[in-house]
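Work through the exercises below with the sequence and the structure open. Try each task before reading its solution.

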Amino acid sequence: MEEKKPEQRRRGRDGVVQCPHLFFTALALALVVADPFRLGPLAGVDYRPVRHELAPYGEVMGSWPRDEGSRLRRGRLEFVGEVFGPESIEFDGEGRGPYAGLADGRVVRWMGEEARWETFAVMSPDWSEEVCANGVNSTTRKQHDKEQFCGRPLGLRFHRESGELYVADAYHGLMVVRRGGGVATSLAREAGGSPIRFANDLDIHNNGSVFFTDTSMRYSRKDHLNILLEGEGTGRLLRYDPDTGAVHVVLKGLVFPNGVQISEDQQFLLFSETTNCRIMRYWLDGPRTGALEVFAHLPGFPDNVRSNGKGQFWVAIDCCRTPAQELFATRPWLRAAFLRIPMTLTMLTRRAATRMHTVLALLDGEGDVVEVLEDRGREVMKLVSEVREVGRKLWIGTVAHNHIATVPYPLD
């Protein structure tokens, strides 16, 4: 027995008990990878990360012009606490407006300093002020469970001839509001045999066709962060035919398709792919009809695209990309491991938001940069969704805050 004790002690010295830091490190890694206690930001979600395309970080950021003067600081916030998450801004054919789609399910119209805002339309005949009108809380998670009932109008466009307002509602699909306002009428809730799960933005062709995006076939708007974090590509570009009422799938397999804009000459359509930080061009007419190509790579995450009526396009961007994003895009397994680290989704998004700032980019008809405006210190604007150039002023929407920002334009 006495001869066996030294051998037993040697086994102890050679085992993991003698290296507790290695043991606990391995245990911690195993817990992170397995996440048995569901402490990660996507715990309980059927998370399926995929590889997606992203232009090289150095190539994009190295060539992108910067606004060293951070000129968006000259802007001002208007209607603070009166509009809630005005994602899209529109003006009617008579110049009235702005109109804005709000997080509480309404489209509102500005009636002047005395009358202020009036409710122009609601997305559901069952819309209830008691249930849906939650003021500044409409842009928080408190509204998420009510959005499907109340509606969430995103993209807005007036038909130039009929004066009707077309709406991409995140939950109710493609809608139309007759002249004079009222309850919106549903035009399309499914396409290609599948429900429209996340209608996002739209534009109207001169022939009456309505092109609009369905951002994901897996997730609704309230889970839009899952789309970004997965990199999933189930989004679609759809076309509504007003003559037949049919909805056609134009493109599928898109990665977070978002804003939509048809060129002034009706030759092509632009749409943003938010996750891939780029604008795509789809040819509607001419020798390249049906072709799809990259129009512009961007330094951050684009939302809506809007024409200035002069052959140029404003893009609202939450900036900026990071080298880590490129690394995660090409390594889904690394993304999956990172998102099992104990933290809440709120913590993750707040951390990312503190590093983002607003960029407004004006692109020409070939995707080249004409002008860049920034608020690098996040002094005035953040989390922008759309830019409209109207009446020597830029009107800037936001999906997450309770105001509209304006900037005199052109800037002196």
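## Exercises on a sheet and a cavity

The first exercise concerns an open sheet of four strands, paired antiparallel in the order S21-S22-S23-S24. The model is a predicted one.

**Exercise 1.** Find the edge strands of this sheet and state what marks them as edges.

*Solution.* Step 1: read the two ends of the order S21-S22-S23-S24. Step 2: check the pairing there; S21 (300–307) and S24 (369–375) each pair on one side only, and these are the edge strands. Step 3: note the geometry, a twist that averages 20° from one strand to the next.

**Exercise 2.** Describe how S21 and S22 pair, and find the residue that stands opposite Val 305.

*Solution.* Step 1: recall that strands of a sheet pair through backbone hydrogen bonds, either parallel or antiparallel. Step 2: for S21 and S22 (residues 313–319) the sense is antiparallel, over six bridges. Step 3: opposite Val 305 stands Val 315, in S22.

**Exercise 3.** How many cavities of 30 Å³ or more does the structure hold, and what is the volume of the largest cavity?

*Solution.* Step 1: with the cut-off at 30 Å³, the structure holds one cavity. Step 2: the largest cavity has about 40 Å³ of space.

**Exercise 4.** Sort the lining of the largest cavity by residue class, and name the strand that gives the largest share.

*Solution.* Step 1: list the lining, which consists of Leu 77, Val 380, Met 381, Lys 382, Val 384, Ile 396, Gly 397, Thr 398, His 403 and Ala 405. Step 2: sort these residues into six nonpolar, three polar and one charged. Step 3: strand S26 (residues 393–398) gives the largest share, three residues.

Methods. Residues numbered from 1 in each chain as written. Predicted model: local features only at pLDDT ≥ 70, side-chain atom pairs only at ≥ 80, totals over all residues. Heavy atoms only, no water. 1 Å grid on protein atoms, 1.4 Å probe; cavity = no way out; pocket = protein on both sides within 12 Å on 5 of 7 lines; lining within 4 Å. Points joined across faces, edges and corners; volume = space filled by probe spheres on them. Nonpolar A, V, L, I, M, F, W, Y, C, P; charged D, E, K, R; others polar. Pairing = 2+ DSSP bridges. Axes fitted to C-alpha atoms, helices over the stretch in contact; angles between N-to-C directions.
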